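This briefing concerns the structure displayed below.

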Amino acid sequence: MSRGRGWLNRLADLFFPPKCVFCRRLLREGETGFCRGCRQKLPWADDPVFHGPFFDAGVAPLRYEAMARDSLLRYKFGGMYRYADVYGALLAVSIAAELEGPFDFVTWVPVSRKRKRRRGYDQAQLLAAAAAERLGLPLRGVLEKTIHTPPQSGLQEADQRRANVLGAYRATEDLTGCRILLIDDVVTTGATLSECAGVLRQSGAADVSCAALLQTVRGK
Ligand SMILES: [Zn+2]
């Protein structure tokens, strides 16, 4: 789907015919990434915009439910990293519609080195890269996860989630005056995005806006 990879994608399509990233049905002529049926049936968020400490606004177009959740789980744990292109395109449309730029660059909520090694890739980084490409913005890794914390998904309460990520990230460079778009895959209470946005602001960022593919109702 990226520029310059056209022939490679066509070759890949011969061996892996493109399927809808949500329902896994073979795509028809004129469909890219996901099918028309899913476009209608996906759990679109009634209110995609959210707010939190240290960032101006955030957008998350889909609810963490049904086929959207199942798709993301295949992406994160089932090796379907090719979904990033489709997710990124979807996210870019929501960002352009709901968030006020301009942004100097896109960055992401990183996983710890240990988790990246185990999984082989950083799912938020791939998502951010795909969205950045669609938006015509540079991608810059400016955050580092310094502590290996238990996954947020195992923690139910907002307080626990905040405590779990407190001090877990640091900025790797001075960000004075930067307007930053920060991306993660899922937003729940917003604790992780707020913690990272706070770190970016402490390093001088002028503005931080956030985007995630999915939101859980708890985050509202
Ligand atoms: Zn579908």
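Is the crossing of helix 7 and helix 8 left-handed or right-handed? In this predicted model, the two helices cross in a right-handed sense. The points below set out the geometry of that pair, then the protein as a whole, and then Glu 100.

**Helix 7 and helix 8**
- Helix 7 spans residues 158–165 and helix 8 spans residues 191–202; their axes lie 9 Å apart and form an angle of about 35°.
- On the helix 7 side, the contact involves Ala 158, Arg 161, Arg 162 and Val 165, which meet Ala 191, Thr 192 and Glu 195 of helix 8.
- Classified by residue type, this contact comprises 3 nonpolar, 1 polar and 3 charged residues.

**Overall fold**
- The protein contains 8 helices and 8 strands.
- Its radius of gyration is 17 Å, in agreement with the value near 17 Å for a compact globule of 220 residues.
- Along the principal axes, the C-alpha atoms occupy a box of roughly 50 × 35 × 35 Å.
- Of the 220 residues, 40% are buried.
- Considering contacts between residues at least 6 apart in sequence, 73% link residues at least 24 apart.

**Glu 100**
- Glu 100 lies in the loop that runs between helix 4 (83–98) and strand 4 (105–108).
- Glu 100 is classed as exposed because it has 10 C-beta neighbours inside 10 Å, and the exposed class extends to 12 or fewer.
- Between the C-alpha atoms of Glu 100 and Val 49 the separation is 12 Å, while the two residues are 51 residues apart along the chain.

Methods. Residues numbered from 1 in each chain as written. Predicted model: local features only at pLDDT ≥ 70, side-chain atom pairs only at ≥ 80, totals over all residues. Helix = DSSP H or I, 4+ residues; strand = E, 2+ residues; numbered from the N terminus. Buried ≥ 20, exposed ≤ 12 C-beta atoms within 10 Å, placed from the backbone. Axes fitted to C-alpha atoms, helices over the stretch in contact; angles between N-to-C directions. Left-handed = near helix turned anticlockwise from the far one by under 90°. Contact = placed C-beta atoms within 7 Å. Nonpolar A, V, L, I, M, F, W, Y, C, P; charged D, E, K, R; others polar. Rg over C-alpha atoms; globule rule 2.2 N^0.38 Å.
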